[in-house]
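Dear colleague,

Please find the structure below, with its sequence.

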Amino acid sequence: MAGSLEKLLPSSFYFSFFLFVCVVGAAKTNGFSRDITPTKIGLRRERLSHLHFYFHDSLGGPNPSAVIVAEAPATNASKTLFGAVVMMDDPLTAGPELNSKTVGRAQGIFASASQSEVGYLMVLTFGFSHGKYNGSTLSVLGRNTIMSEVREMPIVGGSGLFRFARGYAQAHTHSLNFKERAAVVEYNVYVFHY
């Protein structure tokens, strides 16, 4: 009997291994996921693009582009408006003047996330409406300390011509209007994409 068991073990091991390889191979090609080459979905060589535009944000005036949608009980007592959540739909233009060529919209939310300085958590999408990037988007998720000279936020993705995008956006306040609670912010965006 011991001799029979020794003969049976190697053949059952090979059969089990063969079965495992067949199941794993089938799962890779016919199951939940599979590996493919980038060219199979139309991706070519990755490139780096630089975009330069201006963001016009206004919480006041006759036609605000941003509105406070939530706040904490202590928000108004806070010097940083800690807890305020703002929804925005801001125009993006080629120049610093609002009447310069519109190249897209910045849509999303920002929330006052710091108790010690004016610092926002930015969750927004730059949706482009002009030129070769028309219909494409870039997604930003990061911290924006608006009193800093230059702020850097990560680009975490995109769509259209910006599929698989990654990079960063640098924001610089071009002008402030305290009466209208408005700002014009210059953006330089550096993004890798296909």
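Which strand gives the largest share of the lining of the largest pocket? That share, four residues, comes from S9; strands are DSSP runs of E with at least two residues, numbered from the N terminus.

This is a predicted model, in which local features need pLDDT of at least 70 and side-chain atom pairs count only at pLDDT 80 or more, while totals for chains, interfaces and linings use all residues. Residues are numbered from 1 along each chain as its sequence is written, and side-chain values use heavy atoms, with hydrogens and water left out.

On a 1 Å grid over the protein atoms alone, a pocket is an open set of points where a 1.4 Å probe fits, with protein on both sides within 12 Å along at least five of seven lines; lining residues have an atom within 4 Å of a point. The largest pocket holds about 700 Å³ of space, the volume being that filled by probe spheres set on the points. Its lining has 27 residues, and Leu59, Val118, Tyr120, Ile146 and Leu176 lie nearest the centre.

There are eleven aromatic pairs, that is, rings of Phe, Tyr and Trp (its six-membered ring) with centres within 6.5 Å, called stacked under 30 degrees between planes, edge-to-face over 60 and tilted otherwise. Phe53 and Phe128 are edge-to-face, at 5.8 Å and 70°. Phe53 and Tyr187 are stacked, at 5.8 Å and 15°, and this pair joins S1 to S9 across 134 residues. Phe53 counts as buried because its relative accessibility is 1%, where buried means under 20% relative accessible area (1.4 Å probe, protein chains only).

Yours sincerely

Technical notes:
Buried < 20%, exposed > 50% of the residue type's maximum accessible area, 1.4 Å probe, protein only.
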